[in-house]
Amino acid sequence: MQINPATDLVVERLLKAPPALVWRCWADPKLLCQWYMPKPWTLVDAEIELRPGGRFYLLAQSPDGQQFRNEGSILLAEPHTRLVFTDLMTRDYAPVEKVSADFGPAFTAVMTFEPEGTGTRYRTIARHMSMADAKANAEGGWTEGSAVATDQLDALSQELMQ
Amino acid sequence: MTLTLDPSRDLVLDRLLKAPPAKVWRAWTEPALLCQWFCPKPWSVSEAVIDLRPGGRFFTRMAGPEGESVPNEGSFLEVVPERKLVFTDIFGPDFAPVDIPQSGAGLHFAAIVTFAPEGSGTRYRAVARHRSAADAKTHDDMGFQMGWGIAADQLDALAQGL
């Protein structure tokens, strides 16, 4: 896949756990809630229907108790390999009218899980429709937040190894 | 899987075609065949690119009787051979969101096309999903039913001859 630096934001990391366990942290809503939001934010509810067009729903909570819901859709779910979701569509490819949600401008996220040594080369690419949207999410802290969340994912997936 | 329709935002074409799903699928997915039926005459498709995979490019160039040339740029989201095809102009290749629709329709939509065996023929259904009721109405007023209906007749005639 070709990266477009103008509209794509990328976080890449070598995680210690193998792809199957990193995948589990994504695919199991209970696990997802434990790492997805950078602390002290939390994810209080999630639904992830792992099929093309399946529902991807998140309810996040800020440190002061405010809740933000995000309704989106899974576009591709290749176990242990690749996961794609978007909030430009809801379940069964219904395009959303308001493409700027509580979480900032809508985007598509492409996650890849590649075996490397005994771990996982893990990459998240957030694809935006415009440079302005990418800039808004970058300034809104997407990259820093994702880096923290990825640390949390690394820790949780390692716990699953024990 | 049953699709829950939203009558305010979805446009539906439902036809029983004489040709079986395997032939209808071929006519849909081979560029040289697609060019022969995809546009209601006297318009035609002069060029088609079909990268048949989730995130693959779907491009057509429509040619009008007065020399018009209208490019349509989009991508496939789901490909289930002989059963289901989902495409959209909301994303370009590899799920990158598109800001301004690059299509003759001039609006963002997703199309879910299904091919179900019925008798010796095909229950052919196309659901066009829109961002808003206003977009659906615009598409309807542009002649969605007639355009897709004539194209479906052309598709059936071509597929029967395969």
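In this predicted model, 24 residues of chain A are in contact with 23 residues of chain B. On the chain A side of that contact, the residues divide by class as follows.

| Class, side of chain A that touches chain B | Residues |
|---|---|
| nonpolar | 14 residues |
| polar | seven residues |

In chain A, seven strands make up an open sheet, and their order is β1-β11-β10-β5-β4-β3-β2. The pairing is antiparallel. At the edges sit β1 and β2 (42-48) of chain A, each of which pairs on one side only. From one strand to the next, the twist averages 20 degrees. β1(A) and β11(A) run antiparallel and are joined by eight bridges; Asp8(A) stands opposite Arg127(A) in β11(A).

Now for the helix that packs on this sheet: α1(A) touches β1, β2, β5, β10 and β11 of chain A. The direction of α1(A) makes about 155 degrees with that of β10(A).

Which residues of helix α1 (residues 19-27) of chain A are buried? Here you will find Pro19(A), Leu21(A), Val22(A), Trp23(A), Cys25(A) and Trp26(A). The cover over the buried residues of α1(A) includes strands β1 (8-15), β5, β10 and β11 (119-127) of chain A. Helices α2 (29-35) and α4 (142-159) of chain A are also part of what covers them.

Terms used. Residues numbered from 1 in each chain as written. Chains lettered and ligands numbered in written order. Predicted model: local features only at pLDDT ≥ 70, side-chain atom pairs only at ≥ 80, totals over all residues. Contact = placed C-beta atoms within 7 Å. Nonpolar A, V, L, I, M, F, W, Y, C, P; charged D, E, K, R; others polar. Buried ≥ 20, exposed ≤ 12 C-beta atoms within 10 Å, placed from the backbone. Helix = DSSP H or I, 4+ residues; strand = E, 2+ residues; numbered from the N terminus. Pairing = 2+ DSSP bridges. Axes fitted to C-alpha atoms, helices over the stretch in contact; angles between N-to-C directions.
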